[in-house]
Amino acid sequence: MENIESLEEFAQQTQQKINRLNDFIALSLRRKNISKELKEIVLKSIQVKDTLIIAHNAMLEEMQKVEEDYENVMSEMRRKQMVIMNFVIKEKERKLKEAEDEQKKVQQLLLSCGKNKCPSAVKASASKIAVSTLTASVNRMHLNHATPRLKISEYKNSPLVKKKVAPIPIFFAEFDAQITQQQFDKIPKYMSGRETVDQLNGFLETVIIPCFNEKYQLIHKQRNILRGNDLELWKMYNDQSSYIPGKYFITLGDIGRHQNKMLDKKAQNRLTMLRHIGILHEERVKQTVCYVWSHN
């Protein structure tokens, strides 16, 4: 029995070798045709590769032009926003002056006719004029909803540092940033997960940039106009300003105060992504984690 099994195995092996030889002979007969087809495929692949390289370079050039156009447009927008802001401030000052002058006229009218001798109709008319004038001034001041971008150096030298509340929202040009899809694509997938560029931009625009704007509006305010919590924050910010001289930064505490909650894992991960693409970088000073603005 063993001899029969060994003979069968030998026959099978022999048949396999014969099949291989048949395949080799068949391929050899078609070698010329196959080599010709392979050469054509190689040539076509080279042409496709060259075409892709040209398309890639053209795309990079076009993206460069788009980025340059974007920077030019943003620069022009900032310039126009400055013009608008200056106009709004001057208009506000003019309206306030008009209201003050009108109020002085009303007071003079009341004094001229005497406190007891002045008819009640005149008093009522004078009060009505004063109220309507102030109301109209406030309404006119809020017609323009401009959101100008000031440089911090300009803000420090403006009358706005003497006001506890700014007449219009202020955004600093130093903290103007927008994440592009190209930047977002550089973030490793393990880091970004299911996050999208819009979600990360939303976190940047609604949390991080407002933190910087709020901090550097308050830090340059005049001390005598501040009270309570604002004064305590002002003191803390000025103490921290020596941590990283010449750089703008916020802390985890600033972000937590803005969000009115502790930072969760998602917010921490978003901070990591902002660091990865170069908008922020992290420095530790006196056991304080500082997120330094490094964009542009």
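**A look inside**

Author: Let's begin with Phe172, which is in contact (heavy atoms within 4.5 Å) with Leu150, Lys151, Ile152, Tyr155, Asn213, Tyr216 and Gln217, leaving aside its neighbours within four places in sequence. Before going on, please note that this is a predicted model, in which local features need pLDDT of at least 70 and side-chain atom pairs count only at pLDDT 80 or more, while totals for chains, interfaces and linings use all residues. Residues are numbered from 1 along each chain as its sequence is written, and side-chain values use heavy atoms, with hydrogens and water left out.

Phe172 belongs to strand β2, residues 171-172. Helices (H or I, at least four residues) and strands (E, at least two) are DSSP runs, numbered from the N terminus. Phe172 counts as buried because its relative accessibility is 1%; buried means under 20% relative accessible area, exposed over 50%, and partly exposed in between, with a 1.4 Å probe and protein chains only. Along the chain, Phe172 and Ile209 are 37 residues apart, yet their C-alpha atoms are 9.1 Å apart in space.

Now step back for the whole protein. Its secondary structure comes to 10 helices and 5 strands, and buried residues make up 28% of its 296 residues. Among contacts with a separation of 6 or more, 62% join residues 24 or more positions apart.

Next comes the packing. The largest nonpolar core has 52 residues. Such a core is a set of buried Ala, Val, Leu, Ile, Met, Phe, Trp, Tyr and Cys residues joined through side-chain atoms within 4.5 Å. The residues with the most contacts inside this core are Ile179, Leu204, Ile208, Ile255, Leu274, Leu280 and Trp293. Elements giving two or more residues to the core include α7 (197-218), α10 (265-276), β4 (280-285) and β5 (288-293), and α7 gives the most, with 11 residues.

Let's zoom in on Leu274. Not counting residues up to four places away in sequence, Leu274 touches Ile179, Leu200, Phe203, Leu204, Ile208, Ile279 and Leu280. Leu274 is one of the buried residues of α10, together with Ala267, Arg270, Leu271 and Met273. These residues sit on the same side of α10, because they cover an arc of only 160° around the axis; the arc is that of the directions from the helix axis to the C-beta atoms. They pack against α6 (189-192), α7, α9, β4 and β5. Just after α10, Gly278 takes a positive phi of about 90°.

Three strands form an open sheet in the order β3-β5-β4, with antiparallel pairing; two strands pair if DSSP finds at least two bridges between them. The edge strands, β3 and β4, each pair on one side only. β4 and β5 pair over 6 bridges and form a hairpin with 2 residues between them, where Lys286 in the turn has a positive phi of about 50°. Across this pairing, Leu280 has Trp293 in β5 as its bridge partner, and Glu282 has Tyr291.

Finally, helix α9 (residues 252-259) lies across β3 and β5, running at about 70° to β3. For such angles, axes are lines fitted to C-alpha atoms, for helices over the stretch in contact, and the angles run from 0 to 180 degrees between N-to-C directions.
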